[in-house]
Amino acid sequence: MDRSESASAWDKSRSRSRSSSSRDHKQRDRDGDRERNRDNSEDSSTDGGETEEGEGEEIEEEEEEEASGEVSLREWLDQPGRDVDRLESLHVFRQVAEAVGLAHSQGVVVGNIRPSCFLLSAFSRVSFIESASGSGSGSDSCDDARAGPSPARNSSEEERGEKNVFPLKRVLGLEFGWYTSPEEVEGGPSTFASDVYRLGVLLFELFCKFDTFDQKIGMMSNLRHRVMPPQLLLKWPQEASFCLWLLHPVPENRPKMSEVLQSGFLNQSRNSLQERDAAVRLREEIDDQELILEFLLQLQKQKQEAEDRLRKTISFLSSDIDEVLRKQSLLQESVSDDRSRKRVRPIFDLAHQNETVLSKSSRLMKNFKKLEAVYLSSRSQIVNKSGKERTNEGSSVDNLTVKVGFCEKLEKEWMNPFLESLCKYLTFSRLKVRAEVKHGDLLSSSNLVCSLGFDRDRELFATAGVNKKIQIFECGVILNEERDIHYPVVEMSNRSKLSCVCWNSYMKSQIASSDFEGVVQVWDVTRGQVFAEMREHERRVWSVDFSLVDPTRLASGGDDGCVKIWHINQASSVGTIRTKANVCSVQFQPDSARNIAIGSADHRVYCYDLRNLRIPYCTMMGHTKTVSYVKYMDPYTLVSASTDSTLKLWDLAKCEARVVDSPLQTFTGHLNTKNFVGLSISDGYIATGSETNEVFVYHKGFPMPVLSYKFSIVDPISGQEIEDPNQFISSVCWRGPSSTLLAANSSGSIKLLEMD
């Protein structure tokens, strides 16, 4: 072999060794730590968990190494039942000899020519764990094999080795002595001849099979005296002769590396080795091609799936665009016909119209990604439904025709709800203040408003809170008359702080309240006094609600985990629902006096049929903190609010499954982690407060806020706006199905807002 070929082999070996060197350093450190942990575990039982965890990580790393197809040459030599393949053994030996020859040509004594210092790949490619050392003594980082396990394996592999033929740890402990030349044993330095001796030992191990560990120890000891087993001499005479030449006890009589590489022993099988090497390289290239082919096929599959999804999206986008253009054309024709009949040219405020369009377009683009997600989600559900209808088996031709027509109708009409939601989302651009209720001392800490409510005709509204008063105001007066102070038309005092009020939807003068002492009361507003009082709750009551269907029926829930059902003409409750957690909110279903929804501190919403008070007929799970409010949007959908800063919209049609864990929509944007901030619903709009002292308005069709308004805090002395992180919105209430919203905050500020 010429010098250029040797240099190429050495460079390849060094490049491979660098990639594996750091890994094997870590492996060697882990093995040492593992042995120490094994010893220490006998003294301390508390180390057991850490050791197991560490070994688990090591096993994972070693599984990655095994997956890469690399194994230490020591393990490969000592694997049970290894068959000696002459060409493979010569191929391994030649790679090591070429690398050592190159090192010698550069004046470097290698020293660490031991199986534990090499890695063997799946194609018998040899690489150094450590690059050759120029130390005269020949010591290197592989020398720690004398003290403990070397680059070998983890403790689980050592245990497997002890159960098998060759215990790895003991072999590694003896290996250094086997590969030490006679002159080094006598205290001499490590020389080029010492490296040649080590090659002789390696050649012996490559061609000699050992059945037991004791046999291996005996044969390796005999090798020191150049005594070889008869079976080796008989089966591999040429190899044995060459090995004895390398193992000559006199260093000067050993061959030089140039003689080794040019010897007939290695060169006579050179052609076979070259063919084997070429075959190995070809196999490696084939494997590389298979690997990149697998990658490309997987990438192609993913891109094709993405292309299919995109084609479907473009398809139904085109369909929807055509449908919108068709409807637009019909509307324009209708308008043209109407104009021709009336012969009147309408007058448009073009400037205002353009401004409105620009405003809507701006908000549309601002939330484009979220609107896109809602559109695609809604549209894909329709596509899936129509697809299922089309693929239903067992249909006659007539039925199939009907189903195709139904699917086309479904795909066309799905747009109406989305369009309605989008229009409502874009209809209003801001919340503006119509009026502010100016009352009392706003600097007092006892002005926190806990609850708001409009009466049956939306002419009066009530406020209640920690000031222990229910105050009734005329909405029209506050909206239409500018006053320095607004006085309530009725004021009713309570013994305790009030948590909730609810008007009777049928009897205009009746309003129910709950307080912090667990008392539920029904008041006669015209007389300003209590009409009925219920005292069965053992702790604070958070919520009361009148039934819309049966105005004599009332529900209350509180911290005692009970929901009480009352009849206003009876002193005692007519039913009790007992739960395992605090009840924060109750509400009757709008079209039934038998069904009720409960918001609980256990993060769940429960729906009960009052004919069976023992178990709920439906449980809705999805919130991660206390459910503070529940409100029906209509008889079929329910909204819940939680201190996890979300609102969730639930489909009650799914209650047949008894447990619902996937809401129709989750609304986020406001902040609510610890306080009751209010919840109110009107015509698809959902209002709630925030602990940032802001009011947020959502629409049921979209997860992001439609509008928001921040309560300003004015310093009474300087007159300037200030920030107070402790203030929050405490209650909100729509004025029926209108765009007017009543909101209050923790300082007692009450404002009438309107969507504009």
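Buried means under 20% relative accessible area, exposed means over 50%, and partly exposed lies in between (1.4 Å probe, protein chains only). The model is predicted, so local features need pLDDT of at least 70 and side-chain atom pairs count only at pLDDT 80 or more, while totals for chains, interfaces and linings use all residues. Residues are numbered from 1 along each chain as its sequence is written, and side-chain values use heavy atoms, with hydrogens and water left out.

**View 1. The salt bridge between Lys469 and Glu491**. A salt bridge is a side-chain nitrogen of Lys or Arg within 4 Å of a carboxyl oxygen of Asp or Glu. In this pair the closest N and O atoms are 3.7 Å apart. Lys469 belongs to strand 7 (residues 469–474) and Glu491 to strand 8 (residues 490–493), so the bridge ties together parts that are 22 residues apart in sequence. Helices (H or I, at least four residues) and strands (E, at least two) are DSSP runs, numbered from the N terminus. Glu491 is partly exposed, at a relative accessible area of 39%, and Lys469 is partly exposed at 30%.

**View 2. The salt bridge between Glu239 and Arg86**. Here the closest N and O atoms are 2.6 Å apart. Glu239 sits in helix 11 (residues 237–246) and Arg86 in helix 4, so the pair ties together parts that are 153 residues apart in sequence. Glu239 is buried, with 4% relative accessibility, whereas Arg86 is partly exposed at 24%.

**View 3. The salt bridge between Asp78 and Lys216**. The closest N and O atoms of this pair are 3.1 Å apart. Asp78 is in the loop between helix 3 (73–77) and helix 4 (86–105), and Lys216 is in helix 9 (residues 213–223), so parts 138 residues apart in sequence are tied together. Both residues, Asp78 and Lys216, are buried. They also take part in a network of salt bridges that links Arg74, Asp78, Arg114, Glu175, Glu205 and Lys216. The model has 27 salt bridges by this rule.

**View 4. Phe93 in the largest nonpolar core**. A nonpolar core is a set of buried Ala, Val, Leu, Ile, Met, Phe, Trp, Tyr and Cys residues joined through side-chain atoms within 4.5 Å. Leaving aside residues up to four places away in sequence, Phe93 touches Leu199, Leu203, Leu206, Phe242, Leu246 and Leu266.

Notes: Contact means heavy atoms within 4.5 Å.
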